[in-house]
Amino acid sequence: MLAEEEIIARFCEAGHLVDPTVVSYLRERGDPTLISGILAGIRKDCTVVLPSHIPSLTPKRDGIRFTADPLLEVIEGMEGSAGPVRQIDDYVSLFRSRYDCLGSLIRKRSGAIPIEALTHSSRFRDSEVTIIGIVIDVKSTAKGHRILELEDPTGTMPVLFNNGRDGFSDAERIVPDEVIGVRGKPSPEGKLFYADQLFRPDVPVQHAPYSPKNSGKVALISDIHIGSDTFLQEPWERFCDWLSAADDISYLLVAGDLVDGIGIYPGQEKELTIPNIYEQYDRLGEMLQTLPSSLGIVLAPGNHDVVRGAEPQPVIPSEFRSQYPKNCTFVENPAAVSIHGARVLMYHGRSIDDLIGMIPGARYEAPAEMMEAMLKRRHLAPTYGRRTPILATEKDRLLIDPVPEILHTGHVHITGISRYRGVLAVNSGAWQSQTAFQKQMNINPTPGQAVIVDLEQMEPQIYDFLS
Ligand code: D5M
Ligand code: FE
Ligand code: ZN
């Protein structure tokens, strides 16, 4: 993504002011050559660069969203953007990028001060202030209060949430590595911060999702697990037949675990009907060939797929794609696609396992609640170093920014739907019945379901193909 200041500076150097909607468009596209293109096409005496100055684009949604041709566009997570695994552990820059983005979202609403203003000066010792940082450690005290260590670029500060305060249940849900703001008072020596209020980057309360006109419906699925002996062939075929006949469904999005893979867990070979990874992908490709060529299909990887497990995961390499029809688009995990201008953020959902383990009251049966947890934190996988492997990238690629119209995940094999501040959260189920492992873990999947969303109404509906 391009930085806002960078974009404004480029236009300023050329003697122009720039409309905020143009800035957000350029930020989203992240392509610096677009700026040169716009500059080349405008008059020298143009004062303000407006959306209408962007070549070949039609402004939509009061100028905030743009729809270019084609109607399905990969905005983030197109082939090649995940980058190679780095030799160096560049986590400093990953967390710095997370802090900068999420911290500024909180700062907009809270007027925070740097931590060093408390440690190096006595000016604020007796006043209510807000600080913003990454939670580098969090635990409960013997008396059930919540104590955490908050770090910003200038210092660290222990923060105490008293369990007798209003809103303590939010503080109980603080997880390591999320970015929060806390309002409260420092102790007289400035060594401990007594928190009254917690701020998260969150989805703005006034968030107004975009509803595209005449855009048809999108089918959201995930976790096909081709090659597994628990893959549900008949329900899958019923779904494909139904989809072929449904003339109002224009898109099919698959959020990872396309195939069961090889060597993903100990003893997997005993549970495979297709023990060859190329053949697993070929089989899926052949099945997708039977669907209408007018259907736009988007395929993202998950932890069972052939690519590296660390997120962001790259697209399925071309050597596995020989059997796929032209209407298939392969994207990374995560990826953001725009359908007629509605942004769909696709993420496999591995972090749901981590979130369920950390958030009090969380259950596998309600995965959409964990999607809300992601939206509140504006991050797909807030906690580093648990079961979700995260790559040391320069920029944090798991941020939720901007806010999508739809958040689509999978992974836990249980369908769940929720609407949070206007964002539709859909966790799609699976096309694999309960595995031996899931039985042992008491995870009861809801296989054979597809969630169909009418994009204009943003209305989801669950269709069941199990019988
Ligand atoms: O994961 C499907 C669900 O089952 C997901 O919630 C994780 C859980 N699962 C599956 N296998 C394991 C192992 N080996 N350890 C822990 N949790 C597991 P899927 O990605 O389809 O395997
Ligand atoms: Fe899966
Ligand atoms: Zn998975």
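**Close-up views of a predicted model**

**Figure 1. Overall view of the chain.** The chain exposes about 20,100 Å², of which carbon and sulfur atoms supply 51%; accessible areas come from the Shrake-Rupley method with a 1.4 Å probe, and for residues only the protein chains shown count as cover. This is a predicted model, in which local features need pLDDT of at least 70 and side-chain atom pairs count only at pLDDT 80 or more, while totals for chains, interfaces and linings use all residues. Residues are numbered from 1 along each chain as its sequence is written, chains are lettered from A and ligands numbered from 1 in the order in which they are written, and side-chain values use heavy atoms, with hydrogens and water left out. The chain holds 11 helices and 21 strands; helices (H or I, at least four residues) and strands (E, at least two) are DSSP runs, numbered from the N terminus. The C-alpha trace spans about 70 × 65 × 45 Å along its principal axes. For 467 residues a compact globule would have a radius of gyration near 23 Å, and the 23 Å of the chain agrees with this; the radius is taken over C-alpha atoms, and the globule rule is 2.2 Å times the number of residues to the power 0.38.

Figure 2. Of the 467 residues, 56% are buried; buried means under 20% relative accessible area, exposed over 50%, and partly exposed in between (1.4 Å probe, protein chains only). Among contacts with a separation of 6 or more, 69% join residues 24 or more positions apart, a contact being heavy atoms within 4.5 Å. The chain carries 46 positive and 62 negative side chains, and the centres of the two sets lie 6 Å apart. Lys and Arg count as positive and Asp and Glu as negative, whereas His and the chain ends are not counted; the place of a charge is NZ of Lys, CZ of Arg, CG of Asp or CD of Glu.

**Figure 3. Cysteines without disulfides.** A search of the whole structure finds zero disulfides, a disulfide being a pair of cysteine sulfur atoms within 2.5 Å. For cysteine 12, the nearest cysteine sulfur is that of cysteine 46, 13 Å away. Cysteine 12 is exposed, with a relative accessible area of 52%, whereas cysteine 101 is buried at 16%.

**Figure 4. Helix H2 and the glycine that follows.** Helix H2 covers residues 20–29, and its buried residues include Thr21, Val22, Val23, Tyr25, Leu26 and Glu28. Just after H2, glycine 30 takes a positive phi of about 65°.

**Figure 5. Surroundings of tyrosine 347.** Tyrosine 347 lies in the loop between strand E16 (342–346) and helix H9 (351–358). Because its relative accessibility is 1%, tyrosine 347 counts as buried. Leaving aside residues up to four places away in sequence, tyrosine 347 touches Ala255, Glu311, Asn333, Pro334, Met374, Leu380, Ala381, Thr388, Leu398, His408, Thr409 and Gly410. One of these partners, Glu311, is joined to proline 312 by a cis peptide bond with omega of about 5°.

Figure 6. Most residues other than glycine have a negative phi, and most peptide bonds are trans. Another cis bond joins aspartate 401 and proline 402, with omega of about 0°; proline 402 is in the loop between helix H10 (367–377) and strand E17 (406–409). Aspartate 257 has a positive phi near 55° and sits in the loop between strand E12 (249–255) and helix H8 (277–289). Asparagine 442, with a positive phi of about 60°, belongs to the loop between helix H11 (436–440) and strand E20 (449–454). Aspartate 257 is buried at 1% relative accessible area, whereas asparagine 442 is exposed at 57%.

Figure 7. Tyrosine 265, in the loop between E12 and H8, is partly exposed, with a relative accessible area of 26%. Apart from residues up to four places away in sequence, tyrosine 265 touches Asp260, Glu271 and His304. Tyrosine 265 and histidine 304 are 39 residues apart along the chain, and their C-alpha atoms are separated by 9.3 Å. Methionine 358, in helix H9, counts as buried at 16% relative accessibility. With the same exclusion of residues up to four places away in sequence, methionine 358 touches Val175, Pro176, Thr383 and Arg386.
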